[in-house]
Amino acid sequence: AEIAVVVSNRADAAGLEKAKASGIPTAVIESKPFGKDRPAFGQALEAVLGDYKVELICLAGFMRLFTTEFVQRWYGKMLNIHPSLLPLFKGLHTHEQALEAGVRVHGCTVHFVTAGMDDGPIIAQTAVPVKTGDTPDMLAKRVLSVEHETYTRALALVAQGKAVMKDG
């Protein structure tokens, strides 16, 4: 796999600077001007993806929901990483949710994106222990320490055709 472009809906995203430093093209499509017009945002994003001939979208820290139509166009070609062991703790504040639930393991999941939030088929997961006395920040740091390797492993499976999405 080759990184064609790094796109963010926030101009201050740290990933943009990392990409630029590595010679990777970047683009910013601020989501705020689109308000609740998700189709228009999706069209703007599609234009950038088309310009760079993107074949696979890898989301990370992207906190905006796509339209069902956008997700269908990228069926099996869009991945997301989520800071929990899905199907547990969808949405926001996953570390707080894990601590409140009293689980003894937590972690991250890379999954195919479907129309449901944090609901697509799982490609890879990595678990980390929840320790006595953990705070949400401590747990978040432990999960983050395994996210990059997990995403790399999942992306390799997809790029090699070993993980594909069929019939949802």
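Two strands count as paired if DSSP finds at least two bridges between them, and strands (E, at least two residues) as well as helices (H or I, at least four) are DSSP runs numbered from the N terminus. The model is predicted, so local features need pLDDT of at least 70 and side-chain atom pairs count only at pLDDT 80 or more, whereas totals for chains, interfaces and linings use all residues. Residues are numbered from 1 along each chain as its sequence is written, and side-chain values use heavy atoms, with hydrogens and water left out.

**Exercise 1.** Work out which strands pair with β5 (residues 105–112), and in which sense.

*Solution.* Begin with β4 (residues 78–82), which pairs with β5 in the antiparallel sense over four bridges; here His82 has Thr109 of β5 as its bridge partner. Turn next to β6 (residues 122–129), which is joined to β5 by seven bridges, again in the antiparallel sense. In this pairing Val105 stands opposite Pro129 of β6, and Val110 stands opposite Ala124.

**Exercise 2.** Determine whether Asn9 is buried or exposed, and which side chain its own side chain meets in a polar contact.

*Solution.* First locate Asn9 in the loop between β1 (6–8) and α1 (14–21). Its relative accessible area is 11%, so Asn9 is buried (under 20%; exposed is over 50%, partly exposed in between; 1.4 Å probe, protein chains only). Then examine its side chain, which makes a polar contact with the side chain of Ser31 at 3.1 Å; such a contact is a pair of N or O atoms within 3.5 Å, where within protein one must be able to donate a hydrogen and the other to accept it, and residues adjacent in sequence count only if both atoms are side-chain atoms.
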